[in-house]
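Student: Can you walk me through this one? I have not seen it before.
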Amino acid sequence: MRIILFGPPGVGKGTQAQALAQKFNLVRLSTGDLLREEISLSSPTGRKVEQYLRKGHLVPDDIMLEIIDNILLENRERDILFDGFPRNLNQAHSLERSLAQLGQEISIAFEMYLDETEIIKRLVNRRYCPRCDRIYNLITNPPQRVGVCDDDGAKLLTRADDTAEVIKKRLNIYDQETRPLVSYYKSLGIYRKIDAQGNQEEVLNRISEIVNAYLSSKCTSN
Ligand code: AP5
Ligand code: MG
């Protein structure tokens, strides 16, 4: 199974991806997390991409696609959940070609949607754990101890791109570059739209229902 989760910044992709990966035993491939990890390691890739993330621009496709291809190869036997990838049509086409080479295809492409006021509220209150990537929200999902990750005790951080100015930029880039994926995945017959309003559990149930239906349909057709 190869599942894509896309949607504007702050809609809850990472939160749902972490829960779905656990629930359905999927490898979670979050391109944002991977890039932030490269930056925190100060690797050659990290140094190349830091400015793009800081400004809210997309990282160039060639850098992104090389990272993805390596991970697809390493995980060829596993079910994968893509969080934040693909981000434009070029990446979408490239992903399909890479999967085809492995005899695989995309099962479902979920687009999560939410109104902009709620998105901004979620993002300005977000904190994350740089060690395990766990996502918190000061209002809806706070840590037990202020400023500290419940799982590993690391100090929680605010993302460098969660400023009002950069959030606006990311929302614009989503509209221009990523939204065209909607008609593309509709044309492939694998597009599903998910209302991201409501608590994490409610949203998880909406997505899980569709994943379960997909899995049952695969069982009956085999
Ligand atoms: P990325 O890290 O993917 O950021 P994004 O797309 O902007 O999305 P976010 O991670 O900000 O939001 P989310 O939807 O994951 O929401 P979350 O679950 O955290 O990418 C960052 C950057 O990396 C890009 O700008 C770009 O530069 C680069 N990049 C990444 N992928 C790339 C690619 N493929 N190509 C090129 N460049 C790429 O939730 C947000 C908040 O809401 C949290 O506080 C959470 O606790 C809370 N929350 C979640 N769900 C709920 C709920 N149901 N109710 C209440 N609160 C909730
Ligand atoms: Mg995310």
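Tutor: What follows covers the ligand and then one residue. This is a predicted model, in which local features need pLDDT of at least 70, side-chain atom pairs count only at pLDDT 80 or more, and totals for chains, interfaces and linings use all residues. Residues are numbered from 1 along each chain as its sequence is written, and side-chain values use heavy atoms, without hydrogens and water.

Student: OK, how many residues surround ligand 1?
Tutor: There are 36, counting a residue if one of its heavy atoms lies within 4 Å of the ligand. The closest are T15, T31, H57, R126 and R170.

Student: What kinds of residues are in that shell?
Tutor: The shell divides into 14 nonpolar, 14 polar and eight charged residues. Here Asp, Glu, Lys and Arg are charged, Ala, Val, Leu, Ile, Met, Phe, Trp, Tyr, Cys and Pro are nonpolar, and the others, Gly among them, are polar.

Student: Which backbone atom lies 2.8 Å from a nitrogen atom of ligand 1?
Tutor: A backbone N or O atom of G198. The protein buries 97% of the 1,000 Å² that ligand 1 exposes when taken alone, by the Shrake-Rupley method with a 1.4 Å probe.

Student: New topic: is D162 buried or exposed?
Tutor: D162 has a relative accessible area of 8%, so it is buried (under 20%; exposed is over 50%, partly exposed in between, with a 1.4 Å probe and protein chains only).

Student: And what does D162 touch?
Tutor: Leaving out residues up to four places away in sequence, D162 touches L123, R126, I167 and R170, with contact meaning heavy atoms within 4.5 Å.

Definitions and conventions: Chains are lettered from A and ligands numbered from 1 in the order in which they are written. A polar contact is a pair of N or O atoms within 3.5 Å; within protein, one must be able to donate a hydrogen and the other to accept it, and residues adjacent in sequence count only if both atoms are side-chain atoms.
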